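Subject: Structure handover

Hello,

Here is the structure I promised to pass on. Please open it first, then read my notes below.

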Amino acid sequence: MEQYLYEKVFREFYYKRVNYLIVGGIALNLHGVPRATFDLDILVSWDDENVQKIDNILKKLHFKSTAPISLSDLKSTEKREELSRKKHMFAINFYNIDDPLEEIDILIKGHAEFEKLFARKKVIKIDDFDIYLISLEDLIKLKKHSHRNKDKEDMKKLLIVKNFKEHGH
């Protein structure tokens, strides 16, 4: 029985060896900053094999895109940049047709250095699988480059957590 929000997704990603990083509100929570959120924001590696695995898993778990575009269409860096520039699209959203409260946003904007971010990930063990979380330092950098006010506030809170972890106060 599923105990955690998105447990099936995380388990499938782990056992199918998907390269992804949790970012956004859930990442904040896992780093110790409370934020009410229900959607799962992730960065992914856009290589063909990884995208195919993600696409298969999302279909298997009954997730459907809210946009008339497929993940496969986004493998091209140029296509992602074009959507970002022309359509102001920064993520592709998927919702679970069995539970519409479950939503996954796969970020398409920027993050050309996914492999470096992935190498610095924080691994969290849950039962029989691991989840991959963007490092605290990288999440702070991500928030710093955002233009949204809530991200600036999140960054301040993350810096407090970082200071506490480093200095104990």
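Start with Lys59, which is exposed, at a relative accessible area of 55%. Exposed means over 50% relative accessible area, buried means under 20%, and partly exposed lies in between, using a 1.4 Å probe and protein chains only.

A word on the basis. This is a predicted model, in which local features need pLDDT of at least 70, side-chain atom pairs count only at pLDDT 80 or more, and totals for chains, interfaces and linings use all residues. Residues are numbered from 1 along each chain as its sequence is written, and side-chain values use heavy atoms, with hydrogens and water left out.

Salt bridges

Lys59 forms a salt bridge with Asp55, with 3.2 Å between the closest N and O atoms. The term means a side-chain nitrogen of Lys or Arg within 4 Å of a carboxyl oxygen of Asp or Glu. By this rule there are 11 salt bridges. Both Lys59 and Asp55 sit in helix α3, 4 residues apart, or about one turn of the helix. Helices (H or I, at least four residues) and strands (E, at least two) are DSSP runs, numbered from the N terminus.

Within it, Glu7 bridges to Arg11, and their closest N and O atoms are 2.8 Å apart. The two are 4 residues apart in helix α1 (residues 7-15), so about one helical turn separates them. Arg11 is partly exposed at 25% relative accessibility. Glu7 is buried at 4%.

Glu12 pairs with Lys60 in another salt bridge, the closest N and O atoms being 2.9 Å apart. Glu12 belongs to helix α1 and Lys60 to helix α3 (residues 48-60), so this pair ties together parts 48 residues apart in sequence. Glu12 is buried, with a relative accessible area of 17%.

The core

The largest nonpolar core has 51 residues. Such a core is a set of buried Ala, Val, Leu, Ile, Met, Phe, Trp, Tyr and Cys residues joined through side-chain atoms within 4.5 Å. Tyr20, Ile22, Leu40, Leu71, Ile92, Ile104 and Ile106 touch the most other members. Look at Ile106: leaving aside residues up to four places away in sequence, its contacts include Ile42, Trp46, Leu71 and Phe94. Contact means heavy atoms within 4.5 Å.

Helix α4

In helix α4 (residues 77-87), the buried residues are Arg80, Leu83 and Ser84. Seen down the axis, they fall within an arc of 95 degrees, so they line one face of the helix. That arc is taken over the directions from the helix axis to the C-beta atoms. The face turned away from the buried side carries exposed Glu78, Arg85 and Lys86. Just after α4, His88 has a positive phi of about 55 degrees.

Strands β6 and β7

In strand β7 (residues 129-133), 5 of the 5 residues are buried, so the strand is largely enclosed by the rest of the structure. Phe129, Ile131 and Leu133 point one way from β7, and Asp130 and Tyr132 point the other way. Strand β6 (residues 122-126) pairs with β7 in the antiparallel sense over 5 bridges. Pairing requires that DSSP finds at least two bridges between the strands. Ile126 stands opposite Phe129 in β7. The two strands form a hairpin with 2 residues between them, and Asp127 in the turn has a positive phi of about 50 degrees.

Best wishes
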